[in-house]
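Please look over the briefing below alongside the sequence and the coordinates, keeping in mind that the model is predicted. The points are grouped by topic.

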Amino acid sequence: MMQPIRALIVDDEEPGRINLRYALAEHAHWRVVAECASAASAREAEILATSLLLAGGLNSAAFEADAAGIPAVLVDREGHTRLAGGLR
């Protein structure tokens, strides 16, 4: 059996985090392990290294993911996506 993809949702807007959580809940191979309102709070939780990061704010989130080497799919409020942290 395939291990679920562990997702950390980072978005400064709560509705964005809620929408992503509900969208991922529909897929059995995704598991949301935490939600944070900022990259700083995600770093403090020390869960970035083991999780896929899904976030709003493409530029800062991409920088954080690249710097930490974390695979990341970044989504902005218009639905644009960007890969970071080695997923290119």
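Strand 4 (residues 72-75) and strand 5 (residues 81-84) run antiparallel and are joined by four bridges. Within this pairing, Leu74 has Arg82 of strand 5 as its bridge partner.

**The hairpin turn**
- Five residues separate strand 4 from strand 5 in a hairpin, and Gly79, which sits in the turn, has a positive phi of about 90 degrees.

**The salt bridge**
- Side chains of opposite charge can pair when their charged atoms come close.
- One salt bridge is found when the whole structure is searched, and it is formed by Glu35 with Arg21, whose closest N and O atoms are 2.3 Å apart.
- This pair links distant parts of the chain, since Glu35 belongs to strand 2 (residues 30-36) and Arg21 to helix 1 (residues 14-25), with the two 14 residues apart.
- Glu35 counts as partly exposed because its relative accessibility is 30%, and Arg21 is likewise partly exposed, with a relative accessible area of 31%.

- Asp11 is placed in the loop between strand 1 (5-10) and helix 1.
- Although Asp11 is buried, it has no salt bridge, and the nearest side chain of opposite charge, that of Arg17, is 5.6 Å away; the cut-off for a salt bridge is within 4 Å.
- A polar atom of the Asp11 side chain does, however, lie 2.9 Å from the backbone nitrogen of Glu13.

Terms used:
Residues numbered from 1 in each chain as written. Predicted model: local features only at pLDDT ≥ 70, side-chain atom pairs only at ≥ 80, totals over all residues. Heavy atoms only, no water. Buried < 20%, exposed > 50% of the residue type's maximum accessible area, 1.4 Å probe, protein only. Pairing = 2+ DSSP bridges. Lys, Arg positive; Asp, Glu negative; His and termini not counted. Polar contact = N/O pair within 3.5 Å; in protein donor to acceptor, adjacent residues only side chain to side chain.
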